[in-house]
Amino acid sequence: MLRATFKSLLARKLRLILSGLAVVLGVMFVAGAFVVTDTLSRSFDTVFASAYSTTDVSVTAEPKVEVSEFEGEQVAAPLPASAVDKIKTLPGVRSATGLVEADGARVIGSDGKVLTSMGPPRLGVAWTGEDDLVTLREGRGPTGADEIAVNATVAEGAGIKVGDRVGVLTLEPKKTFTLVGIYGYSGDRDSLGGVQEVAFTEPVAQKLMLDAPGSYTSVRVQAAGGVTPEALRDRIAPALGAGYVVKTGDQLAEENAADLQEGLAFFGQILLGFAGVALFVGVFLILNTFSIIVAQRTRELALMRALGASSRQVIGSVLVEAVVIGLVAAVLGLAAGVGVGALLAYLFASFGGGGLELAPLAVPATAVISSFVVGVLVTVVAAVLPALRAARIAPVAAMQDVATPDRPLTRISAAGGAVTAAGAAMLGVGLFADTGAELWLILGGVLVSFIGIALLTPLVSRPVVSLLGRLFSWSLPGRLGRLNSGRNPRRTAITAAALMVGIALVTGVTVIMDSAKSSLKAEAARVLKAQIMISGDQNGPRAPTYDPAVVRRAAQIPGVRAAAGLWSDQVVIDGDKQYVNATDDLAALAQTYGTGGSLNALEDDQIAVSVPEAAERGWQVGSTVTVQASRGKERTYTVAATYPEDSLPGRIMLPAAATRDFGVPQPVLGFVRLDDGVPVSAVLPQVKALVADSPEVSATDAAAFVDDQAATFDTLITMIQILLALAILIAVLGVINTLALSVLERTRELGLLRAVGLGRAQTMRMVTVEAVVISVFGALLGVTVGAGMGTAVTRALESDGITELVLPWSRMGTYLVLAALVGVIAAVLPAIRAARLNVLGAIAHD
Amino acid sequence: MAATNADRPAAARADEVWKVYGSGEARVVALRGVTAEFGRGRFTAIMGPSGSGKSTLMHCLAGLDTVDRGTVHVGDTEVSKLNDKTLTRLRRDRIGFIFQQFNLLPTLSAKENIRLPLDIAGRKPDPQWWDIVIDTVGLRDRLSHRPSQLSGGQQQRVACARALIGRPDVIFADEPTGNLDSRSGAEVLSFLRASVREHQQTIVMVTHDPVAASYADRVVFLADGQIVDELADPTAETVLDLMKRLDTQAEPVML
């Protein structure tokens with residue numbers, strides 16, 4: 001039996017290659033995800049280990065507001081010089097160096113633009129001289145207040161050289177320095193993991209990076225001979241008392257690496273998610289291939305049964321075939337995945353991390369194991385149904401000419417209805433109920449719904465396909481193609497369903513994104529009264545900022561009615577972390593933004609709170625609240641006013657005085673409202689001139705600002721489209737496979753048609769119409785299901801601000817047209833094969 | 001020996017046709033310089049034992065297979081010179097086919113199957129001729145049926161109607177009754193004969209069944225890739241006799 005299996009495997013190379021390809025692609029993504037995360041995480045481990053190589057123990061003050069990796073950069077609390085002195089006196093300490101090191105030193109390059117970062121921080125540090133890690137490549141360290149040195153990554157990125165005058169943005173607006181030195185790191189590295197670094201003299205760094213003269217962000221302690229870092233840590237911690245965090249260098253390296261690994265794991269999970277979609281689609285393809293193979297082998301299998309093979313042996317023979325395909329696909333997928341992983345890591349290092357030294361490529365055991373498990377499991381699962389079907393073939397079928405007819409669709413449709421209902425229910429619960437497992441319910445609901453709809457597809461396929469086909473029925477080849485596509489509703493349905501999955505997901509996401517975009521625009525139109533906005537593109541965790549003087553000067557421009565800046569920070573307010581805003585001029589802000597009326601300016605100890613926030617927290621005018629901003633001391637404020645939602649940006653508004661303690665003590669947005677009748681063009685150039693010295697931001701008219709914000713959604717849509725293209729590609733393989741098998745199955749028919757005079761071009765047209773009908777059917781299903789799901793999600797998010805529902809007709813139309821195109825492309829090879837058929841051989845074919 | 005028929009112009013003609021399959025040890029000479037004419041308005045049967053080359057001859061005549069040497073004409077057209085496109089057009093417009101089995105497209109109704117060559121060409125059937133053909137094959141009440149709803153004999157009659165509907169120069173039938181019981185076979189053969197006698201069609205039929213051959217006006221006998229004999233106005237008995245004679249002759253001349 002086993003030998004017969006292998007012989008039949010070899011005899012059907014082409015279709016096995018096609019169906020195997022789906023598994024190969026899926027496994028490739030799985031293996032690639034593991035390889036890239038492994039390579040990157042090992043690379044970063046090296047970076048951190050090296051960054052802390054000269055640190056035995058590190059001491060920091062407890063941060064004022066704990067900020068997680070996803071919320072932005074932690075603002076370190078200042079550590080007084082007295083703490084450094086105290087550590088120096090402790091026994092076992094060889095040296096203790098106070099370090100200043102904070103994110104937010106943004107260098108203005110020779111092109112006048114701020115040097116951006118895709119993720120690694122842009123550190124401003126106090127120069128501590130060369131050591132085992134840091135070496136000057138050129139020039140010297142900064143000694144004067146207007147001197148800086150930068151690491152080689154900054155020098156290269158900004159295009160600056162020693163002797164240049166260089167502008168740097170810090171907590172304060174642009175200041176200009178002379179570049180006196182460029183440094184690198186041990187091992188001839190330009191940067192540690194892409195970090196950009198600007199070194200000032202200590203007092204300048206303390207002023208510009210911390211706004212705390214005489215303070216440090218951490219103390220680097222080196223142990224005297226014979227003292228272990230752990231022992232030293234345990235000695236320093238009690239000596240300093242509460243309020244300090246004391247850790248060994250190894251501990252810090254590990255913690256930093258662990259933090260980063262969380263981010264990488266997230267990245268890996270996204271890749272795995274898309275691999276999952278691809279494999280899910282692959283299951284349809286394999287299921288179809290095996291069903292067709294079993295159908296074609298009916299007589300062969302029946303003969304085996306007649307010769308005494310048990311139904312279990314028949315199932316076994318199909319499953320062995322699946323295992324072999326799964327194994328081969330896993331091996332190929334793993335190999336391809338290592339390549340993809342290496343490529344992604346390379347791309348990440350060259351474009352994302354800016355100079356990350358990649359660790360040597362390795363294939364982690366997880367990649368190998370998951371490749372094989374996924375490859376074999378997916379294939380076998382997909383083959384189970386066809387195998388069971390094969391086992392039902394009666395021995396008598398060997399003697400009959402006709403294939404066993406398809407069983408009626410009633411049962412499968414009933415099952416499909418039930419599964420769809422279950423999926424929809426899961427989706428509904430996930431969307432509307434508060435269960436704590438929303439994400440899983442939604443994902444599961446979508447998946448289960450897809451399976452249910454796939455089961456229902458054969459039922460709809462007959463009417464829909466025949467209707468679609470009528471579009472092509474004006475010529476005989478078209479009509480034949482239409483009839484062929486309606487011949488085998490199950491096969492057409494599964495092929496189309498595979499395409500449906502990808503297109504439904506893309507459409508669903510598009511509906512949600514377009515709705516969000518449209519809601520955002522509607523909201524902006526409702527609340528934004530300013531005609532000119534000052535804003536910048538945020539890359540990295542830190543918002544772009546500008547000089548607050550800009551707003552004051554903008555207010556003076558003739559024709560300007562009001563101008564206000566907006567500051568933002570994450571603070572702890574009455575014990576809860578919360579984003580808050582502040583403005584220099586509340587009255588002006590109320591004129592440029594929001595639906596409310598006028599407001600009085602806030603005193604230094606007053607805050608304004610939105611009505612819903614006050615209601616949630618039980619605050620009234622006169623209540624007192626405590627606020628701990630990123631820097632400074634905890635302060636107490638009195639609620640001076642409540643304002644209706646939408647009348648000011650955000651839910652809590654702090655006074656201008658509070659911005660000094662903000663993590664980013666400069667405004668991140670600016671609003672300029674013009675007097676009635678004053679054209680934007682009359683004022684915009686003057687505002688542009690004002691922000692010339694704040695290169696992170698630009699002044700634009702409000703419409704452009706809103707479009708810019710909304711464009712984020714388009715980027716997201718594009719990204720999702722690219723990632724789901726894999727699933728769609730696999731579905732296209734499915735269309736090719738189905739067609740190739742159909743052409744093979746209908747060899748004699750094709751021979752007859754050719755014999756009675758069907759031309760080659762007509763034959764190709766016939767096959768193409770069949771492909772187009774199947775593809776468009778799949779796309780139609782996908783667009784419908786996707787629009788449905790997208791609508792459900794959008795409705796569920798109504799309370800979260802997605803108030804508009806937008807069905808992206810033009811995009812949906814594009815998907816349909818693309819599907820038709822995909823059909824044409826998928827038909828090329830099968831059509832050529834059909835057209836090249838030897839007429840005589842085809843007629844004699846059996 | 002050349003089989004010719006001088007009293008009418010030929011609908012199809014083979015001149016010194018050679019056909020060789022394979023090479024080396026596996027080399028099989030299927031036709032060894034066959035020359036034959038098939039008269040217009042005549043019903044000719046080609047007979048011979050398995051491997052005699054009778055099907056190959058028909059395939060070459062119909063432009064389904066190429067010849068290695070010699071020429072094949074359908075009417076005035078030299079088939080052996082045509083490319084795929086003109087050959088397809090020739091088959092569509094000037095030749096009708098009836099195969100032993102699998103003659104019909106399962107997706108099309110009987111009516112659509114009959115019209116298939118015309119539909120491919122984008123032509124309309126001549127309504128008068130249509131009625132004659134449909135009534136002669138006796139399928140009027142079956143026209144909307146799918147092949148799977150027809151009996152074997154009915155299917156073969158649909159195939160005949162399809163071959164006839166375009167009024168081709170010549171109809172090639174390859175064992176048209178091979179898969180039928182004797183009664184259905186007789187129906188199909190009478191119908192073919194009627195279309196020749198009453199409607200001046202030309203039919204070339206390959207068969208190994210003497211009874212089937214007896215419906216023809218003339219029988220050509222092939223053995224070992226050569227025409228060895230022919231018989232005019234055959235009956236089943238005369239055909240059988242000749243076959244026996246050829247068999248015994250063939251014995252000593254085995255090559």
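Biologist: Over how many bridges do strand β18 and strand β20 of chain A pair?

Modeller: This is a predicted model: local features need pLDDT of at least 70, side-chain atom pairs count only at pLDDT 80 or more, and totals for chains, interfaces and linings use all residues. Residues are numbered from 1 along each chain as its sequence is written, while chains are lettered from A and ligands numbered from 1 in the order in which they are written. Strands are DSSP runs of E with at least two residues, helices are runs of H or I with at least four, both numbered from the N terminus, and two strands pair if DSSP finds at least two bridges between them. Residues 606-610 (β18) and 635-643 (β20) of chain A pair in the parallel sense, and the number of bridges is five.

Biologist: Which residue in the turn between β19(A) and β20(A) has a positive phi?

Modeller: β19(A) and β20(A) form a hairpin, with six residues between them. A positive phi of about 75 degrees belongs to a residue in that turn, G632(A).

Biologist: Are helices α11 and α12 of chain A roughly parallel or roughly antiparallel?

Modeller: Helix α11 (410-432) packs on helix α12 (438-470) in chain A at about 160 degrees, with the axes 7 Å apart. Axes are lines fitted to C-alpha atoms, for helices over the stretch in contact, and angles run from 0 to 180 degrees between N-to-C directions. Angles under 35 degrees count as roughly parallel, over 145 as roughly antiparallel, 65 to 115 as roughly perpendicular and the rest as oblique. The angle therefore makes α11(A), relative to α12(A), roughly antiparallel.

Biologist: Turn to chain B. In what order do the four strands of its open sheet run?

Modeller: The pairing in this sheet is antiparallel. Its edge strands, each pairing on one side only, are β2 (28-39) and β5 (77-78) of chain B. The order in chain B is β2-β1-β4-β5.

Biologist: Which residue is the bridge partner of R13(B) in β4(B)?

Modeller: Strand β1 (10-21) and strand β4 (69-74) of chain B run antiparallel, joined by five bridges. Within β4(B), R13(B) has as its bridge partner H73(B).

Biologist: What radius of gyration does chain B have?

Modeller: Chain B has eight helices and ten strands. The globule rule (2.2 Å times the number of residues to the power 0.38, with the radius of gyration taken over C-alpha atoms) gives 18 Å for its 255 residues. Chain B is close to that value, so it is as compact as a globular protein of that length, with a radius of gyration of 18 Å.

Biologist: Which helix gives the largest share of the side of chain B that touches chain A?

Modeller: The contact (C-beta atoms, placed from the backbone, within 7 Å) takes 20 residues from chain B and 17 residues from chain A. On the chain B side, α2 (84-94) and α3 (110-121) each supply at least two residues. The largest share, six residues, comes from α2(B).

Biologist: Does E237(B) count as buried or exposed?

Modeller: E237(B) sits in helix α8 (236-250) of chain B. A residue is buried with 20 or more other C-beta atoms within 10 Å of its own, exposed with 12 or fewer, and partly exposed in between; C-beta atoms are placed from the backbone. E237(B) has 10 C-beta neighbours inside 10 Å, so it counts as exposed.

Conventions: Contact = placed C-beta atoms within 7 Å.
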